[in-house]
Amino acid sequence: MDSILPPEIGALARRVIEENAALGRTVAVAESCTGGLVAAALTEVPGSSAVLDRGFVTYSNEAKIQLLGVSEDVIDTFGAVSIAVAWSMAQGALKKSGADVAVAITGVAGPDGGSEQKPVGTVVFARAQRGEDPEATNAELKLFDEARTRAEVRYQATLVALELLLP
C-alpha cells in the first residue's frame, strides 16, 4: 500500500509538496470539517517536512478561538462556517506558524448541522500569504451539493484546500 488516501488526493498533495519545495515555500493548514485530512495528505509525501510547517485541527469553536485567535464575536455574529471565520483562521494560522502560506477550511460536512442558509455541503476556504495585506486574503464559500455523504463533502473540501496550496 502506497497511501491510505485516495489517489487523486495523493497526486495533488505530491504536487503541493514538490512545487512549494522548489520555491522554498512553507505552508500551514487550519482545518475544521476536514479534521486533519489536508495535513495527512501532505505528510503522506516524502519530503513533506521541508514544506508543511504545521496543521491546526480546530474542530470546536473553542479551538478556533484558543489556537488561532479567532474572535468569539466573529463566530457569534457570522457563525463558524463563514467567510469571516475562515479568513480569521487563515490569518491565525499564519501568525501562529512560520509558514509562508496558510489555508483554512470550515464547513458543514453533514449529515446533520445544516440550515437553510448553510446547507450540508457548505464549505468556506481562505488562503493567506505572509507579507500580503490581510485585506487581500482570499476567502470563498463553496456548496458541494452534489456530495451525498459526509465523506464526499470532506473529500471535495480536501481537494480544494490542496489546490489552494499550489503556488
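1. Let me start with Phe78, which is partly exposed, with a relative accessible area of 48% (buried means under 20% relative accessible area, exposed over 50%, partly exposed in between, with a 1.4 Å probe and protein chains only). Phe78 belongs to helix H4, residues 72-78; helices (H or I, at least four residues) and strands (E, at least two) are DSSP runs numbered from the N terminus. Setting aside residues up to four places away in sequence, Phe78 touches Ala84 and Lys118, where contact means heavy atoms within 4.5 Å.

2. A word on the basis of these notes. The model is predicted, so local features need pLDDT of at least 70 and side-chain atom pairs count only at pLDDT 80 or more, while totals for chains, interfaces and linings use all residues. Residues are numbered from 1 along each chain as its sequence is written, and side-chain values use heavy atoms, with hydrogens and water left out.

3. On annotation, an unreviewed UniProt entry places the feature "domain: CinA C-terminal" at residues 12-166. UniProt positions follow the numbering used here, feature names are shortened, and annotations may be inferred rather than shown by experiment. In the model, residues 12-166 are 40% helix and 21% strand, and the end C-alpha atoms of the span lie 9 Å apart.

4. Now the sheet. It is open and has 5 strands in the order E2-E1-E3-E4-E5, with mixed pairing; two strands pair if DSSP finds at least two bridges between them. Strand E2 (52-57) and E5 are at the edges with a single partner strand each, so one side of each is left without a neighbour in the sheet. From one strand to the next, the twist averages 15 degrees. Strand E1 (residues 27-31) and E2 run parallel and are joined by 5 bridges, and Val27 stands opposite Leu52 in E2.

5. Helix H6 packs on this sheet, touching E3, E4 and E5, and its direction makes about 20 degrees with that of E4 (axes are lines fitted to C-alpha atoms, for helices over the stretch in contact, and angles run from 0 to 180 degrees between N-to-C directions). The buried residues of H6 include Val153, Ala157 and Leu162. Packing partners of the buried H6 residues are helix H1 (7-23), helix H2 (37-43), E3, E4 and strand E5 (138-143).

6. Phe125 and Phe144 form an edge-to-face pair, 6.3 Å centre to centre with 85 degrees between the planes. Because Phe125 lies in strand E4 and Phe144 in the loop between E5 and H6, the pair ties together parts that are 19 residues apart in sequence. Both Phe125 and Phe144 are buried.

7. Finally, two loop residues. Gly110, in the loop between strand E3 (101-107) and strand E4 (122-129), counts as buried at 5% relative accessibility. Leaving aside neighbours within four places in sequence, Gly110 is in contact with Val120 and Arg150. Thr137 lies in the loop between E4 and E5 and counts as buried at 9% relative accessibility.

How values were computed
Rings of Phe, Tyr and Trp (its six-membered ring) pair if their centres lie within 6.5 Å; planes under 30 degrees apart count as stacked, over 60 as edge-to-face and the rest as tilted.
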